[in-house]
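This report describes one protein model for a reader who is new to structural analysis. Please keep the sequence and the structure in view while reading.

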Amino acid sequence: MNYFDDIRPVNNDEIAENLQSLLSDASFVHLIKTYFPMVNLDQIAQASGRFSNLVEFQNMVIRPILEALISTSATSLTVSGEEHITTSPTLFISNHRDIVMDPSLLALSLMRTTGTTCEIAIGDNLLAAEWIRTLVRLNRCFIVKRGLSPRDMAKSFMQLSSYIRYAITEKGVSAWIAQREGRAKDSNDRTQESLIKMFALSGKADFIDNLKSLNLSPLAISYEFDPCDYLKAAEFQLKRDNADYKKSKADDLLSMQTGITGYKGRIHYAFTPCINPKLDEIVQNCANKKEQAAAVCAAIDAQIHSAYQLYAINRWAYEQLTGDTQYATVDGADERAMAEKYLRGQLTKINIPNRDEEYLWRKLLEMYANPFINYLKTNTNN
């Protein structure tokens, strides 16, 4: 078990120690008092030794914070496909919109529907402070190492693959991971083949059977509004204008803060079936591992794309981007006007050198149009 110590979540017998460490951190205490004044830190400190497991801690401490956050930053959080949340340990794989909120709202959705949560994959590039590392590990997160040398990355992939397999097949818990490293900043969601290959690394069977044992279940996450959209558009231009551009830790922290507190409108989590039946078809139709990996990615993408919750802003952006007006009457005039007003407002927030307004506007439109484009392609193909 020591093999996983630097990436695993907190164990149940470590909750009190880690919670006390968190509550003694001035930065964490300041954040809670500033943004969540309703949280009684003294009460949590007194109860720290009474939490028997992390799910109990999440339900008692984290859920009220997330419920309060949603009440101020979103119109609603809805779920579909609850029938696909089974008692079998599952590896949920989803599109990725927001660094913090995607897994946080998955936890809230699961607490609301099942009373439990799942383990969460989170990149170590987001752990800018020790208290953040402690907080995420208390919230059942396991760490994905980033920025390593090729040799160290190979070792890290095997460790991560082994941990995911251990969580699903031995601990008997479900887990979540995004379908690619980093967010799809243009919302053109595609599963990364290297991720699928990583899942199978630690198995002792063939490629497809190694995947089947993880019970891969695609999950579609839809935000009506992405509060980080203008930051993503700015990053597109900065990278276009400077091939060596790298985001700073301050940029990551700004994205985290904006995603957490910014207005998101309606949010929907759509659970879809485990793809194991499709894996059986893939092994019959694809001759080698390379073809199989590509087919697995396509199967995951199809389920995510077909399960999007689409809003007026998606159809309006699609119309502006493509000139196709056949869906113009689906939404009311007020919704369409609000979509345009929102996007124009986000455009004005972008303040970067050599601001290319036409390019930035197109990038904003693409972010909202791409889910609708992929939805149309998937439903047409099916």
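## The sheet and its strands

Strands β3 and β4 pair in the parallel sense over four bridges, where two strands pair if DSSP finds at least two bridges between them. The strands named here (E, at least two residues) and the helices (H or I, at least four residues) are DSSP runs, numbered from the N terminus. The model is predicted, so local features need pLDDT of at least 70 and side-chain atom pairs count only at pLDDT 80 or more, while totals for chains, interfaces and linings use all residues. Residues are numbered from 1 along each chain as its sequence is written, and side-chain values use heavy atoms, with hydrogens and water left out.

Strands of a sheet pair through backbone hydrogen bonds, in either a parallel or an antiparallel manner. In this model, seven strands form an open sheet in the order β1-β7-β6-β2-β5-β3-β4, with mixed pairing. Strands β1 (76-80) and β4 stand at the edges with a single partner strand each, so one side of each is left without a neighbour in the sheet. From one strand to the next, the twist averages 25 degrees.

Strand β5 (residues 175-178) has parallel pairings with two strands: four bridges join β2 (residues 91-94) to β5, and two bridges join β3 (residues 119-123) to β5. Trp176 in β5 is the bridge partner of Phe92 and also of Ile120. In β4, Phe142 is the bridge partner of Ala121.

Which residues of β5 point one way, and which the other way? Ala175 and Ile177 point one way, Trp176 and Ala178 the other way, and all are buried; buried means under 20% relative accessible area, exposed over 50%, and partly exposed in between (1.4 Å probe, protein chains only). Strand β4 (residues 141-144) is likewise covered on both faces, with Cys141 and Ile143 buried on one side and Phe142 and Val144 buried on the other.

Helix α5 (residues 101-113) lies across β1, β3, β5, β6 (216-223) and β7 (266-271), and runs at about 70 degrees to β7.

## Helix packing and the core

Two packed helices are described by the angle between their axes and the distance between the axes. Helix α14 (residues 312-322) and helix α15 (residues 333-348) pack at about 75 degrees, with axes 9 Å apart. This makes α14 roughly perpendicular to α15. Axes are lines fitted to C-alpha atoms, for helices over the stretch in contact, and angles run from 0 to 180 degrees between N-to-C directions. Angles under 35 degrees count as roughly parallel, over 145 as roughly antiparallel, 65 to 115 as roughly perpendicular and the rest as oblique.

From α14, the residues Ala312, Ile313, Trp316 and Glu319 meet Glu335, Arg336, Ala339, Glu340, Tyr342 and Leu343 of α15, where contact means heavy atoms within 4.5 Å. The residues of this contact divide into six nonpolar, no polar and four charged. Ala, Val, Leu, Ile, Met, Phe, Trp, Tyr, Cys and Pro count as nonpolar, Asp, Glu, Lys and Arg as charged, and the others, Gly among them, as polar.

In soluble globular proteins, nonpolar side chains tend to be buried together. The largest nonpolar core holds 122 residues, of which Ile164, Phe199 and Tyr269 touch the most other members. Helix α16 (residues 357-381) gives the largest share of this core, ten residues. A nonpolar core is a set of buried Ala, Val, Leu, Ile, Met, Phe, Trp, Tyr and Cys residues joined through side-chain atoms within 4.5 Å.

## Individual residues

The table lists the relative accessibility of selected residues.

| Residue | Relative accessibility | Class |
|---|---|---|
| Ala299 | 11% | buried |
| Gln159 | 7% | buried |
| Asn370 | 12% | buried |
| Ser187 | 5% | buried |
| Asn354 | 67% | exposed |

Gln159 is found in helix α7 (residues 150-171). Not counting residues up to four places away in sequence, Gln159 touches Tyr3, Phe4, Asp6, Ile7 and Lys145. Asn370 lies in α16 and, leaving aside neighbours within four places in sequence, is in contact with Asp186, Ser187 and Asn188.

Most residues other than glycine have a negative phi. Ser187, in the loop between β5 and α8 (193-201), has a positive phi of about 65 degrees although it is not a glycine. Asn354, in the loop between α15 and α16, has a positive phi near 50 degrees.
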